[in-house]
Amino acid sequence: MAVNLSRLKPGASRTVHLLVAASLWTAVGLMLILRGIGWLSSVDSLWLVIPALALGTGKSLLVLDKSAKKGVERIIRFQDGKCIGGVYSVKTWLLVLLMMTMGCLLRNSSLPKEFLGIFYVTIGWGLFFSSRHAWRTWRR
């Protein structure tokens, strides 16, 4: 007796994939921004948010926009019904795991809170700002 496992696959439309991609970039970006602001606030260095936002804008425009656009183009090529986990490639999911591991190592390091705050706000703002590509395509 053969079991059709494809029926158990959580398939979704391209529109849902775009929504998930945009939401993930936005949510992770906001989480990193808030954590970074918390660290900067705890050491009375909230003013460092301004240069962190400038650095994050640069990271978005020079690095993350390319990745965000590539992800959107990949999703647009999907057939409806593709597994929702396929919103990112295996390579991208591995990169996400690596970044999460690095984040844990940084949080538990002895690095100054000012550095961690700037780093987290920079990365968070870059992700948040680059999410505009998926949101723009999702709205269409």
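Asp 44 lies in the loop between helix 1 and helix 2, helices being DSSP runs of H or I of at least four residues and strands runs of E of at least two, both numbered from the N terminus. The structure is a predicted model, in which local features require pLDDT of at least 70 and side-chain atom pairs count only at pLDDT 80 or more, whereas totals for chains, interfaces and linings use all residues. Residues are numbered from 1 along each chain as its sequence is written, and side-chain values use heavy atoms, with hydrogens and water left out. The phi angle of Asp 44 is near 50 degrees, a positive value in a residue other than glycine. Most residues other than glycine have a negative phi. Asp 44 counts as exposed because its relative accessibility is 71%, where exposed means over 50% relative accessible area, buried under 20%, and partly exposed in between (1.4 Å probe, protein chains only).

The protein chain contains five helices and two strands, arranged along the sequence in the pattern β-α-α-β-α-α-α. Its C-alpha atoms fill a box of roughly 65 × 35 × 20 Å, taken along the principal axes. Of the 140 residues in the protein chain, 31% are buried. Among contacts (heavy atoms within 4.5 Å) between residues at least 6 apart in sequence, 87% join residues at least 24 apart.

The largest nonpolar core comprises 18 residues, of which Ala 21, Trp 25, Ile 75, Val 87, Tyr 88 and Leu 127 touch the most other members. A nonpolar core is here a set of buried Ala, Val, Leu, Ile, Met, Phe, Trp, Tyr and Cys residues joined through side-chain atoms within 4.5 Å. At least two residues of this core come from each of helix 1, helix 2 and helix 4, and helix 1 gives the most, with six residues. A second, separate core has five residues, including Leu 40, Leu 48, Val 49 and Val 121. In soluble globular proteins, nonpolar side chains tend to be buried together.

Trp 25, in helix 1, counts as buried because its relative accessible area is 14%. Beyond neighbours within four places in sequence, Trp 25 is in contact with Leu 64, Ser 67, Ala 68, Tyr 88, Leu 127, Phe 128, Ser 130 and Ser 131. The C-alpha atoms of Trp 25 and Leu 127 are 5.6 Å apart in space, although the two residues are 102 residues apart in sequence. Ser 130, found in helix 4, is buried, with a relative accessible area of 0%. When residues up to four places away in sequence are not counted, Ser 130 touches Trp 25, Ser 60, Leu 64, Asp 65 and Ala 68.

The largest pocket has a volume of about 1,300 Å³. On a 1 Å grid over the protein atoms alone, a pocket is an open set of points with protein on both sides within 12 Å along at least five of seven lines, whereas a cavity is a set where a 1.4 Å probe fits but cannot get out; lining residues have an atom within 4 Å of a point. Grid points are joined across faces, edges and corners, and the volume is the space filled by probe spheres set on the points. The pocket is lined by 40 residues, and Trp 25, Leu 95, Val 96, Met 99 and Leu 127 lie nearest its centre. Helix 1 (14-42), helix 2 (49-76), helix 3 (90-107) and helix 4 (113-130) each supply at least two lining residues, with the largest share, 12 residues, coming from helix 3. By class, the lining has 27 nonpolar, seven polar and six charged residues; Ala, Val, Leu, Ile, Met, Phe, Trp, Tyr, Cys and Pro count as nonpolar, Asp, Glu, Lys and Arg as charged, and the others, Gly among them, as polar.

In helix 2, Gly 58 is partly exposed at 24% relative accessibility. Gly 58 and Gly 103 are 45 residues apart in sequence, and their C-alpha atoms are 20 Å apart in space. Lys 59, also in helix 2, counts as partly exposed at 28% relative accessibility. With residues up to four places away in sequence not counted, Lys 59 touches Leu 64 and Ile 123.

Zero disulfides (pairs of cysteine sulfur atoms within 2.5 Å) are found in a search of the whole structure. Cys 83 is partly exposed, with a relative accessible area of 26%, and Cys 104 counts as partly exposed at 34% relative accessibility.
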